[in-house]
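Colleague: Please take me through this model by way of questions and answers.

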Amino acid sequence: MLLVGIVFVISVGSFYLIHLLPGNPATVILGFGATPEAKAILYKQLGLSKPIYLQYFVWLGNILHGNLGVSFISQTTVSSVVRSALPIDAEIIILSQIMAFAAAIPTAMRSARKPDGIIDRVLGATSFTLLSIPPYILIVVLVLFISIKLGISGTGPSAYVSLGTDWITNLESLSLPAFTLATVSFVVYYRVLRSDLIATLQEEFITMARSKGISQRRIMWRHAFRPSSVALLGAASVNIGGLLAAGFVVQYLLQIPGLGYTLILAINESDFLVVQGIVLTVSVLVVAINFFFDFVINMVDPRISRE
Amino acid sequence: MSSFSLEEAALMVERPEKSEPLGLFFWICVSWIGLNVFGAIFANVLPLPNPLTENFNAINVGPGLHHLFGTDDLGRDIFSRIVYGSRVSITVGIGAILIGFGIGAPLGMLAAYRRGRFDSFLTTIMYVLLAFPAIIATIAVLSFWTPRSLFKIILVIGVASIPLVYRVIRTATLSVATKDYVIAAKVQGATDRRILMKELLPNIAPIAVSFFLIGVATVITLEGALAFLGLSVNPPTPSWGNMINEARTVLTENVWLAFFPSLALCLFLIALNFIGDRIRSHFDVTEVKL
């Protein structure tokens, strides 16, 4: 029910974007030198001659048929633009999440074992500082050091190679973006998991397990991590929107042709239908991923759905 | 009269005298923020070179006596541009969060105090809005709503921050609204207005202040991202974000152009976050999920 409401709001919002443009959408989208024929096509495509609420239904009908419109600059369909860019974003995000979880889970456990101990304090201060460093600065610093100072080729701007061409160079070209997003997520996951683990470790069933003589490692993984992983999944779910956006910034610097770079290029070229298509896709994706995570959380912790 | 003493008694029970001192680093952060704000306000009066004057005899000069932080690819003074650039960040940060608090905070307090239909209706709407990632929404709106101006940027980010402020303030008010002293005031026949202003507001103030500061930091980060993508104020007006964006094209020739604005932004954010965090733990309020 909520999902329907959210998707409705997103669709109205994305639809209305075109009408935020100053002046007649047809003139702005096509430019002043547009031929009457091109205008007629656009009018037909967007239903511009009809009242605005009918335009929405024309637009929605098109979307539901998988038709996001045709870019008036490159003359390709918007859906094909999105389809070629999206896998790159997905690859960067998946790589970064693997790194972030691999780093956050052991460090958080380590910290939670002795809260306020030396390791916990150092990690706390480090994560607090990293929290204040935005991804667009992190990536600039990384590029300066790794690609330029150390001269490691294949990691710098416009070094992108597609996964189909050569997967090793592909990984090389995506290593800095993935590392940047991993750092941003690591900080969030570490902090959430640490505080939740500390709370869980004070529960009675942990004391019970300890008194039975179960090893520290087993208590951590089997008894404490499972209930705490709910908080971690929740954090990951909230994080996904920010990650996509951070991915945009990183792609923009390195000229990786994912959704973000494509989006900014489209904005600069005033290719508004591409912008609209990408915004719609990304928003729907974020919502869908959030709902997927809710589903997974219910599976991990049956208590939540019973409440 | 009696309600006053009750209130005080309640406060004494609530806050045992255990708040730890704020610490030296807290005051260093406060003075750093103060210095930045001072620079932003008095940038015209301070003896700084014009941030827009191009000097083709001194392009990409490193830091030195003549140009403290060096010059950029058009020979403009980086230090001066950073000081002027802080104006954009600070104005957007404070302006947008003021809009968010102006609308989100009263709604959040009212919803938590009244509960019932009003609360569930508003909360559902806010959750729907929160599902829409703020940065993507702002990128979308700003790319269509041209020409861009400082006012539009503040407005768009401000509106985007309303649901967040609403959620934090509502959660904070909820935890206070069921306390004995609020019930006592109700029993005594205090008006809703009085309860909201005199009982609830002072008790959520620390959390509100703390979230205000962290909110400003978040907005400045967001504005920086927009500027980096070329969606904030138009050049040549300097802002920290668009300076980093300009540095993008000359990374190899001029490291300083990327370094100094990044440093300025990071130090400002660290200081703000630290102050916000410290205020929260100083008043010993339980951590709400931001």
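Colleague: At roughly what angle do the axes of helix H5 (residues 78-113) of chain A and helix H6 (residues 118-131) of chain A cross?

Modeller: This is a predicted model, in which local features need pLDDT of at least 70 and side-chain atom pairs count only at pLDDT 80 or more, while totals for chains, interfaces and linings use all residues. Residues are numbered from 1 along each chain as its sequence is written, and chains are lettered from A and ligands numbered from 1 in the order in which they are written. Axes are lines fitted to C-alpha atoms, for helices over the stretch in contact, with angles from 0 to 180 degrees between N-to-C directions. The axes of H5(A) and H6(A) come within 7 Å, and their crossing angle is roughly 130°.

Colleague: Which term describes the direction of H5(A) relative to H6(A)?

Modeller: Angles under 35 degrees count as roughly parallel, over 145 as roughly antiparallel, 65 to 115 as roughly perpendicular and the rest as oblique. The angle here is roughly 130°, and therefore H5(A) relative to H6(A) is oblique.

Colleague: Which residues of H6(A) meet H5(A)?

Modeller: Two residues are in contact if their C-beta atoms, placed from the backbone, lie within 7 Å. From H5(A) come Thr107(A), Arg110(A) and Ser111(A), and their partners in H6(A) are Ile119(A), Asp120(A) and Leu123(A).

Colleague: How far apart are the axes of helix H10 (residues 216-254) of chain A and helix H12 (residues 272-300) of chain A?

Modeller: These two helices pack at an angle of about 175°, which makes H10(A) roughly antiparallel to H12(A). The residues making the contact include Leu233(A) and Ile240(A) of H10(A), together with Ile289(A) and Phe293(A) of H12(A). The distance between the two axes is 10 Å.

Colleague: How many helices are there in chain B?

Modeller: Helices (H or I, at least four residues) and strands (E, at least two) are DSSP runs, numbered from the N terminus. Chain B has 0 strands, and its number of helices is 10.

Colleague: Which helix gives the most to the side of chain B that touches chain A?

Modeller: Here 29 residues of chain B are in contact with 36 residues of chain A. Helices H4 (116-131), H5 (134-144), H8 (192-228) and H10 (255-282) of chain B each supply at least two residues of that side. With 8 residues, the one that gives the most is H10(B).

Colleague: How many residues of helix H9 (residues 240-247) of chain B are buried?

Modeller: A residue is buried if 20 or more other C-beta atoms lie within 10 Å of its own, exposed if 12 or fewer, and partly exposed in between, with C-beta atoms placed from the backbone. The buried residues of H9(B) include Trp240(B) and Glu246(B). What covers them includes helix H7 (135-149) of chain A, together with helices H3 (78-114), H8 and H10 of chain B. H9(B) is mostly covered, and its buried count is 8 of 8.

Colleague: Is Pro147(B) buried or exposed?

Modeller: Pro147(B) lies in the loop between H5 and helix H6 (150-177) of chain B. Because Pro147(B) has 7 other C-beta atoms within 10 Å, it is exposed.

Colleague: How far apart in space are Pro147(B) and Phe228(B)?

Modeller: In sequence, these two are 81 residues apart. In space, C-alpha to C-alpha, the separation of Pro147(B) and Phe228(B) is 17 Å.
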